Amino acid sequence: MLTFRELEFKMAKSSTSDAQALFRSLRSAYAATPTNLKIIDLYVVYAITTAVIQVVYMGIVGSFPFNSFLAGVLSCVGTAVLAVCLRIQVNKENKEFKDLPPERAFADFVLCNLVLHLVVINFLG
Amino acid sequence: MGAKAAENGAKSSSSAPSPPPLKAFFRLKTKQQELLIRVASLALIYVLAFAVRLFSVLRYESMIHEFDPYFNYRTTLFLTRNGFYEFWNWFDSESWYPLGRIIGGTLYPGLMVTAALIYRLLRFLTFAVHIREVCVLTAPFFASNTTIVAYFFGKEIWDSGAGLVAAALIAICPGYISRSVAGSYDNEGVAIFALLFTFYLFVKAVNTGSLAWALASAFGYFYMVSAWGGYVFIINLIPLYVLVLLVTGRYSMRLYVAYNCMYILGMLLAMQIRFVGFQHVQSGEHMAAMGVFFLLQVFYFLDWVKYMLNDKQLFQSFLRITLTFAISVGALALGIGTASGYISPWTGRFYSLLDPTYAKDHIPIIASVSEHQPTAWSSFMFDFHILLFLFPAGLYFCFKRLSDATIFIVMYGLTSMYFAGVMVRLILVAAPAVCLISAIAISATVKNLTSLIRTKGKAPLAVSGKGSSSLKASAKASADQSLPFQHNCAIALLVGAFYLLSRYAIHCTWVTSEAYSSPSIVLAARGAHGGRVIFDDYREAYYWLRQNTPADAKVMSWWDYGYQITAMGNRTVIVDNNTWNNTHIATVGRAMSSYEPEAYEIMQSLDVDYVLVVFGGLTGYSSDDINKFLWMVRIGGGVFPVIKEPDYLVNGEYRVDKGAAPKMLNCLMYKLAYYRFGEMTTEYGKPTGYDRARGVEIGNKDIKLEYLEEAFTTSNWIIRIYKVKPPKNRW
């Protein structure tokens with residue numbers, strides 16, 4: 001019979017080992033994704049990081065031209081979201097989009113980004 | 001050789017003259033016939049939707065109706081004369097004296113810009129139209145466009161047959177006609193088109209998963225935001241729909257693409273409208289969309305991790321961690337935002353939709369508008385007719401064949417019907433949903449019935465677009481075990497359906513002609529010998545103001561008439577229909593309900609030169625200021641406790657005859673309305689001073705005015721204008 005302390009220790013150890021197993025298995029699964037999808041993922045991470053930096057800056061400096069802040073953050077979030085949509089449409093494992101040629105997906109992506117950035121430039125003020 | 005070929009050629013060309021149109025029709029293939037019938041039907045429906053809204057133009061003249069459209073007309077006029085930059089930055093000092101109004105930042109520009117663009121286009125094509133004609137006919141034009149959108153939407157949800165029926169139903173649906181007749185130059189005329197268009201584009205985006213359609217729906221949403229404050233319905237219905245799809249397990253990658261693109265781009269575009277401003281990130285009414293946005297990110301992220309891990313055990317632990325983290329962060333953010341007041345709570349206008357009793361107690365201005373009252377069953381029947389019982393039938397069909405699109409239309413129908421029950425005005429928003437769902441019921445029923453008839457091998461009926469390819473198998477099976485009277489029953493039911501639809505058409509035309517085609521600014525009645533009598537008092541009074549008062553005169557009236565006075569009378573007003581400043585309106589209400597000396601003080605403080613009062617006692621016109629007076633008391637009393645409503649009532653009853661309360665008999669409104677009325681004989685056999693609108697003889701016949709003098713009374717005493725005398729000279 002385990003004492004309470006030993007049980008606690010065992011649970012903590014199992015949860016950390018759980019987390020490690022999770023991390024390792026995620027890493028190995030992710031390594032299997034094709035390169036073009038990894039590039040898109042990198043772009044998404046970059047966009048989100050830029051958004052976070054802007055939010056932190058706003059927290060420090062204050063939100064005065066609120067439209068500028070919103071324009072900046074929404075342009076990052078928007079382009080990240082559009083990139084995720086592109087990834088979904090280009091990913092060969094998605095059966096729903098197997099009839100969609102990747103050129104069409106990329107063209108849609110470019111068009112939406114164009115509209116997004118035009119509106120952002122108008123909103124920057 | 002060559003001669004023979006030429007001869008043959010000549011013979012063949014001479015032996016095939018162009019057949020008459022009917023024969024040519026039957027020579028086309030079935031698909032082409034069907035296309036021709038569909039296009040012809042749509043063209044006729046388009047013209048019908050435009051034509052049925054022209055009653056008032058044909059009966060009276062091409063003029064703008066009601067109150068709000070006059071403001072829209074004035075701003076459109078300003079836009080065409082001074083250009084977009086001046087319009088966008090316009091500060092108007094002619095209304096809400098002495099405060100003024102930032103018109104550029106407090107209106108929805110969609111309608112004005114649309115009308116101005118149509119005007120420019122017509123002028124470019126050298127049609128020398130006046131902007132008023134364009135304004136009067138904008139709403140019917142967009143109603144016709146709505147029928148086309150309804151066709152495509154019905155096609156997306158069910159099939160092209162349902163689309164055609166939907167287009168036909170919405171072309172004449174009285175619920176929609178009421179706010180889109182020719183002359184009703186109001187936001188709803190354009191907004192319903194934008195609403196249906198946005199919904200159609202979004203459903204198309206969810207069905208195809210294409211970024212291009214989602215982008216189009218974002219633009220549709222932008223147009224809707226620029227056109228009407230009711231865009232809040234879209235920004236709450238679509239997240240609710242996404243939530244329902246997630247909960248019922250119908251989520252797919254297409255949903256993610258459609259919603260995210262539409263939300264981000266739509267939100268950014270919507271924030272370009274000054275009136276909307278930052279509400280999409282700061283107002284409680286828009287938080288549902290943001291909440292669902294974050295929920296989608298978390299949901300699909302978890303879905304992706306689950307797919308990658310392929311291991312249930314590990315995923316469960318990961319799920320637990322992420323979910324607790326996400327929920328706690330979300331709840332914390334929402335809590336802090338609401339508590340600190342950064343996220344503003346639901347505004348009164350929309351909160352009163354969720355809690356219908358809220359407005360009566362807290363915001364009398366919203367409660368006083370007649371369009372904001374709860375709907376009676378008779379209004380539903382009046383505005384929808386047979387669609388009312390076809391709506392549940394359509395719901396049944398939608399549930400039988402559930403798909404992403406039918407779930408959407410069911411949700412749209414149910415939510416809009418709930419809101420239509422809360423407020424009469426919102427029957428308009430429910431009309432497209434009711435038409436679409438009823439169209440599904442009609443189309444599916446007629447399709448089944450005609451397939452029953454066709455299985456008997458009769459000559460094929462030329463039905464439009466209702467192919468029975470999928471039903472052929474079941475029809476064959478039923479033909480083997482057909483009931484004896486099945487064929488006759490089907491024909492009887494078809495005749496019944498035809499009868500119902502024709503009654504609907506008759507009802508809609510009658511309703512449009514009788515109830516919804518009155519300009520409100522020109523009144524008509526039947527004279528003693530049956531001839532039509534026109535009362536044009538409103539315009540008479542406004543033109544008197546325009547021509548006989550100094551250019552900087554300020555006019556005090558109740559807020560209903562503000563827009564009309566500025567647009568037609570071209571004079572500065574104290575309060576108008578925008579009702580953005582409750583205290584200012586309460587000041588006017590207080591002035592109208594006080595005794596003359598106190599009212600004179602208030603009028604001096606506001607620099608009032610003229611007072612305008614609407615009075616229906618001579619003609620029996622019941623929408624006059626005496627009938628609206630209690631609302632003036634309530635609104636005034638809401639801000640100034642010195643005005644108490646019981647002072648004006650006798651035993652809780654509102655009276656104007658001898659038994660009326662003394663404060664009522666001597667207040668400014670009573671005096672101005674009934675000045676010199678005590679000498680008038682209005683009806684044969686009744687005493688002088690008989691008020692035909694209230695049906696009593698007035699109590700105070702000998703009215704003397706100390707601080708005002710009568711300036712003008714129109715020919716039927718409907719509008720009375722008084723001049724405020726300057727203060728007496730001091731010794």
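This passage covers the nonpolar cores and the salt bridges of a predicted model.

Local features were taken only at pLDDT of at least 70 and side-chain atom pairs only at pLDDT 80 or more, whereas totals for chains, interfaces and linings use all residues; side-chain values use heavy atoms, without hydrogens and water. Residues are numbered from 1 along each chain as its sequence is written, with chains lettered from A and ligands numbered from 1 in the order in which they are written.

The largest nonpolar core contains 254 residues. A nonpolar core is a set of buried Ala, Val, Leu, Ile, Met, Phe, Trp, Tyr and Cys residues joined through side-chain atoms within 4.5 Å. Buried means under 20% relative accessible area, exposed over 50%, and partly exposed in between (1.4 Å probe, protein chains only). Helix α23 of chain B (residues 427–454) gives the most to this core, with 18 residues. Helices (H or I, at least four residues) and strands (E, at least two) are DSSP runs, numbered from the N terminus. B:Phe384 and B:Tyr412 have the most contacts inside the core. Contact means heavy atoms within 4.5 Å. Not counting residues up to four places away in sequence, B:Phe384 touches B:Cys173, B:Met417, B:Ile427, B:Ala430, B:Ala431, B:Val434 and B:Tyr504. Another core, of ten residues, lies apart from the largest one. Among its members are A:Leu22, A:Ala29, B:Val305 and B:Leu309.

Side chains of opposite charge can pair when their charged atoms come close. Over all chains, the structure holds 26 salt bridges. Each is a side-chain nitrogen of Lys or Arg within 4 Å of a carboxyl oxygen of Asp or Glu. B:Arg254 pairs with A:Glu96 at 3.9 Å, N to O. This pair crosses between chains. B:Arg254 sits in helix α13 of chain B (residues 253–270), and A:Glu96 in the loop between α3 (66–90) and α4 (102–124) of chain A. B:Arg254 is buried, at 19% relative accessible area. A:Glu96 is partly exposed, at 41%.

Within chain B, B:Glu697 and B:Lys701 form a salt bridge, with their closest N and O atoms 2.5 Å apart. B:Glu697 is partly exposed at 31%; B:Lys701 is also partly exposed, at 28%. B:Glu710 meets B:Arg720 at 3.2 Å, N to O. B:Glu710 is partly exposed, at 24%, whereas B:Arg720 is buried, at 0%. Shared partners join B:Arg179, B:Asp186, B:Glu188 and B:Arg425 into one salt-bridge network.
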